[in-house]
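Me: Got a fold I'd like to talk through with you. Can we take it piece by piece?

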Amino acid sequence: MTYQLPELNYGYSALEPHISARIMELHHSKHHQAYVTGANAALEAMEKARSEDNFATLPKLQKDLAFNLGGHVNHSIFWKNLSPSSSAPEGDLAAAITEYFGSFEAFKNHFSAAAIGIQGSGWAYLAWDALGNRMIIGQLYDQQGNLAMGNIPLLMLDMWEHAFYLDYQNVKADYVKAFWNIISWEDVANRFGSVSVHSKSLLLG
Ligand code: MN
């Protein structure tokens, strides 16, 4: 199998009271697992299509791969973005947030509004845009929509109802507020540190 469900580096109850153990267990072991299974299944079906030289179902398979691989990538990042012991952004990361968004408060307000404002299922994300060489905030629809190819994710927040409904019901704003208490800024800083100012050349050649 190409894709595998990653282990969490904390227990299912570690993020309480902000995210319950029940949500974490379902979200990781059922929802995330389903994306992993779906992505592997799409790859296998494509292999079969190539071996039989029959591409009749290819449009469906490409959509299945994008959706399920998107889900796998997004959740893999999300789990690492979370931590029971959160602090605040520091150093180069804090400076970049201020540079591109004006202040941490303005960044937080923009990101929160992006999350709460998603119509349907999706994600809010902070990314490094490898063409403009800057941070941007985006709204990702479903697992793969409304996204430019050059966006390298740094921080992601799952706004699908399965991520919060058991704990917060329809009050999305309280879930988003709780998110700020469990962000691993160390993980975000590590991701930011690995994006290069030369990443632009990856896109422009
Ligand atoms: Mn999810």
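Me: In the hairpin of β1 and β2, which residue takes a positive phi?

Reply: Bear in mind that this is a predicted model. Strands β1 (residues 122-129) and β2 (residues 134-141) run antiparallel, joined by eight bridges. The hairpin leaves four residues between the strands, and the one with a positive phi, near 50 degrees, is N133.

Me: Which residue of β3 is the bridge partner of W128?

Reply: W128 belongs to β1, on the face with G122, A124 and L126. On the β2 side, W128 stands opposite M135. β1 also pairs with β3 (residues 151-158), again antiparallel, over seven bridges. There the partner of W128 is I152.

Me: Are the residues of β1 buried or exposed?

Reply: In a regular strand, side chains alternate between the two faces of the sheet. Here G122, A124, L126 and W128 point one way, while W123, Y125, A127 and D129 point the other way. Both sets are covered, and the count for β1 is eight of eight residues buried.

Me: How far apart are the end C-alpha atoms of helix α1, and why does that agree with its length?

Reply: α1 covers residues 21-52, which makes 32 residues.

Me: Where does α1 bend?

Reply: The bend is about 35 degrees, and it sits at H27.

Me: What area do domain 1 and domain 2 bury between them?

Reply: The domain assignment gives 21-81 as domain 1 and 91-204 as domain 2. Their C-alpha centres are 22 Å apart, and 17 residues of domain 1 are in contact with 26 of domain 2. Carbon and sulfur atoms make up 61% of the buried area, which comes to about 1,600 Å².

Me: Which residues of domain 1 lose the most area to domain 2?

Reply: Three residues together account for 40% of what the domain 1 side buries. They are I23, N74 and N81.

Technical notes. Residues are numbered from 1 along each chain as its sequence is written. This is a predicted model: local features need pLDDT of at least 70, side-chain atom pairs count only at pLDDT 80 or more; totals for chains, interfaces and linings use all residues. Side-chain values use heavy atoms; hydrogens and water are left out. Helices (H or I, at least four residues) and strands (E, at least two) are DSSP runs, numbered from the N terminus. The expected span of a helix is 1.5 Å times one less than its number of residues. The bend at a residue is the angle between axes fitted to the seven residues ending there and the seven starting there. Buried means under 20% relative accessible area, exposed over 50%, partly exposed in between (1.4 Å probe, protein chains only). Two strands pair if DSSP finds at least two bridges between them. Domain bounds come from an automatic or database domain assignment. Contact means heavy atoms within 4.5 Å. Buried area is the accessible area (1.4 Å probe) that two parts lose on being put together, summed over both.
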